[in-house]
Amino acid sequence: MINLVVALGEQLLQRLALMGQALLMLVQSLRVLPGKHGLSRLTQQLYVVGVQSLIIMLVSALFIGMVLGLQGYTLLSAYGSEQAVGQMVALTLVRELSPVVAALLFAGRAGSALTAEIGLMKATEQLASLEMFGVDPLHRIVAPRFLAGLICLPILVAIFSLVGIYGGHIVAVDWLGVYSGSYWGNMQQAVDFGEDVINGMIKALVFAFVVSWIALYQGYSCVPTSQGISTATTRTVVYSSLAILGFDFILTALMFGGA
Amino acid sequence: MHKRWIEISVGLMLVAGVAALLSLALQVSGGHLTRSADRYPIDALFENAAGLAPKAQVTLAGVTVGEVVAVVIDPQTLMAKVQMQINGEVNYLSIDSSASILTAGLLGEKYVGLTVGAEDEVLEAGDMIEDTQSALVLEELIGQFLLNLGDSN
Amino acid sequence: MAVNGIIEIHNLSFFRGNRAIFKDIDVSIAAGKITAIMGPSGTGKTTLLQLIGGQLQPHCGAVQLFGQNIAQLNRKQLNQLRGRMGVLFQSGALFTDLTVFENVAFPLREHTQLNDQQLHDRVLLKLEAVGLRGARDLRPSHLSGGMARRVALARAVALEPEIILYDEPFAGQDPIAMAVLQRLIKGLNDEMQLTSVLVSHDIAEACAIADRVILLGEGRVLAHDTPEALQTSTDPAVRQFMHGEADGVIPFHFPAPPLAAELLCSNASAADKQGGLL
C-alpha cells in the first residue's frame, strides 16, 4: 500500500519536473528579442504553420458550417423557428466550434509537424551543432515557431468562423429556403461582438499558446531516436487535444457560464 | 523566388484573417461603424420589468429605434428603471409617450415598445417616460382570469 | 606551445544515473597534435567530447580549455570559446534546409562581418580544401554519408578554429572515404596548426594519423601514449583492445549462472515450458 503512495508521489513529482522544464524552455526561448533575421524566420514559420494549414481549415469549416445549417434547420423546424438557423449556426461556431475544432485540427496538422521537425533536428544533432556554433537553438528554432503558432491560430479561427457561417448560408438559404434576410438579421441580433466574437478569439489565443507550447516542448525533449520522435508526435496530438478540451470547459464556464 | 511566394502568401493570410475578423464584427454581429455618438438616453419606470434584459430592442411601431442599456431598481420609487439609448434621428417622442414591455417570438424575448402621444413638446436626453405598461406576468394573468371567473359566477 | 596542454582535464567525475562514466580522471591534450580517444563501446568516449565542448557539465573536477575552466564561464564567454573550437558530429549534422554552400557559410554569417564577396570566397576555399567545391548547391539530403561529413568538416573549420573535435569520423565509411578523411584530418591539422581530438574505434585508421592515443575503459584512463607504445603494451586490457581479442579483460559472456545448471535442470520453469509470449 505504501509502495503505491510512494509510486504515485514519484509520478507526481516527475510530472511537475516536466512542467517546470517545459516552462523553462519557453521562458528561455522568448527571453531575448529576435536578432538580425528574426522577421524573416518568423515569416517562414508563419508560412509553414499557417498558410499550409489553410486548406484543411477552409474545407473543414465549410463542411461543419453546412452540417450545422442542415441539422439546425431540421431541429428548429420542429418549433417553427427555422428562420433562426442563422443565429444558431453563428453562435455555435463563433463561441465553441471554431476555436475548438480549428485548434484540434491545428494540433494534428501543424503541431505534429513541429514536433517531428524539432525531434528530427535533435536526433541528427543539428540542435547540438547550433549550440557549438554559439547559436541558442531555443532562440533560433523554437521561438519563431512558437510565435508563429500564437499568431496563426487566431487568424485561422476567424477565417474558420466566417467560412462556416457562409457554409451554413449555402445550405439554409440556397438549399432549404430560409430567407437570406432572416439568416443574417437574426444572426446580427443575437451575436454580440464583445461577448461572442472576442471571447471566441480569446479562446483561440489560449489554445494557440497551449498547442504550440506542447508541440515544441515534446519535440525539444524527445528521445533522439525514430521511436522517440514517433512517441513525441503522438503525445503532442493527445496532450494538445486534452488540453484544448479542458481549457475550453474552463473558459466557457468563465465567459458564458455566469450569465 | 520561392521566398517571394512565402512572403506573399503569409501576407495574404494575415489580410484574410483581419478581413474575417472585420466581417465577423460587421456582418455577423451587426456592429455599427458609427456608435452611440448620435444616441440620447431616455429612462422609463416600470412596476415589473420581468425578463427585460440589456441589449433588448426599443421599438416604435415595430421599428427598432434604440436599445435597452440597463435595468436597475430606482431606490426612491422601488420600481424598475429601464435605461435606454434612442437613436439621434428619432427626436419626435412627445413627453406623454408611453412605453410597454412586450414579448417577441416564440422564445419569449422581451422588448420595449414605444407609442408617441399627442403633446408638442418632445423628450430630450435624460428625460423620463411616465406612462408605462409593465410586462405581463403569467401568474397575475391566471389570477386575474380566476378572479373574473369567480365574479361572473 | 604552452607547457600545459591546450585541453586539461583534472579529477573529472561524471555520472549517468547511478553509473560512474568517469571516476577521477586526468587528461592532458597537447596543442598542435592529433590525439585519438579510443576504447570499447559505452566507455564514454562521446561523453568525454561533450564534456570538453561544454555541452555537459562534470559532476566533479574541471575541464580547462586554453587555461580557462569552462564551468566558470558565462554563456557569452563560453560562446566565444566555442568560436575557437570546431566540432564534427558523427552524422555530420548539416542543417537540412540549407544548401551545402549555406551550411559552410553559416558560422561565417553568425560570427564575422565579412561582406558577400569575402564570404563567398572563404566558403569556396573551405569547400575546395575538402574537395567538394562543385557540390556547393546541393542539399544535404542529396549527399552521401561521406560527402556530408566532408561538408561538415568544411563547416567546422570555416572560422579557422584552434581545436577540432571529431566524433567517430570513420564509422561506417568505405575504404576510399576513410582514406579521404584521414588525409583531410592530418592535412588540416598540419596546415592550420590545429589541435585535433578524435574519438574512434577504428584502430588502424586512428593510429595511422594520431600522435597520441588515450585508451579509456572502466571509467578511467587505461593508457595515454603513442600508438606504437600501445601496440606493444603488456597491459591485458590494452592488449585486448589493440589486438581485437574477443575474450579477455572484457568478457565474452554476459554474466549468467552456469550452463549445466540451466540445461539439465529438471525443474524447468513454467515460462520455459510455454515458450514465452511468441
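Guide: Once its neighbours within four places in sequence are left aside, A:Ser182 is in contact with A:Gln83 and A:Met187. This is a predicted model. With A:Gln83 there is also a polar contact, made side chain to side chain at 3.2 Å. A:Ser182 itself sits in helix α7 of chain A, which covers residues 180–190.

Chain A also has a partner in chain C. Here 20 residues of chain C are in contact with 15 residues of chain A. The size of an interface is often given as the accessible area lost when the parts come together. Between chain C and chain A about 1600 Å² is buried, and carbon and sulfur atoms give 53% of that area. Two salt bridges are counted between these chains. One salt bridge pairs C:Arg82 with A:Glu131, whose closest N and O atoms are 3.9 Å apart. The cut-off for a salt bridge is 4 Å, so the pair at 3.9 Å is counted. Polar contacts between chain C and chain A, with both residues at pLDDT 80 or more, come to seven residue pairs. On the side of chain C that touches chain A, the elements giving two or more residues are α2 (75–82), β6 and α3 (100–111) of chain C. The most comes from α3(C), with five residues. Sorted by class, that side of chain C has eight nonpolar, seven polar and five charged residues.

Strand β6 of chain C leads on to the sheet. In chain C, six strands form an open sheet in the order β6-β7-β8-β3-β9-β10, and the pairing is mixed. Its edge strands are β6 (85–88) and β10 (220–225) of chain C, each pairing on one side only. On average, neighbouring strands of this sheet are turned by 15° against each other, with direction ignored. Strands of a sheet pair through backbone hydrogen bonds, either parallel or antiparallel. For β3 (residues 34–38) and β8 (residues 195–199) of chain C the sense is parallel, over four bridges. Within this part of the sheet, C:Ile37 stands opposite C:Val199 in β8(C).

A helix lies across the β6 end of the order. Helix α5 (residues 145–156) of chain C lies across β6 and β7 (163–167) of chain C, and runs at about 170° to β6(C).

Note on methods: Residues are numbered from 1 along each chain as its sequence is written. Chains are lettered from A and ligands numbered from 1 in the order in which they are written. This is a predicted model: local features need pLDDT of at least 70, side-chain atom pairs count only at pLDDT 80 or more; totals for chains, interfaces and linings use all residues. Side-chain values use heavy atoms; hydrogens and water are left out. Two strands pair if DSSP finds at least two bridges between them. Axes are lines fitted to C-alpha atoms, for helices over the stretch in contact, and angles run from 0 to 180 degrees between N-to-C directions. Contact means heavy atoms within 4.5 Å. Buried area is the accessible area (1.4 Å probe) that two parts lose on being put together, summed over both. A salt bridge is a side-chain nitrogen of Lys or Arg within 4 Å of a carboxyl oxygen of Asp or Glu. A polar contact is a pair of N or O atoms within 3.5 Å; within protein, one must be able to donate a hydrogen and the other to accept it, and residues adjacent in sequence count only if both atoms are side-chain atoms. Ala, Val, Leu, Ile, Met, Phe, Trp, Tyr, Cys and Pro count as nonpolar, Asp, Glu, Lys and Arg as charged, and the others, Gly among them, as polar.
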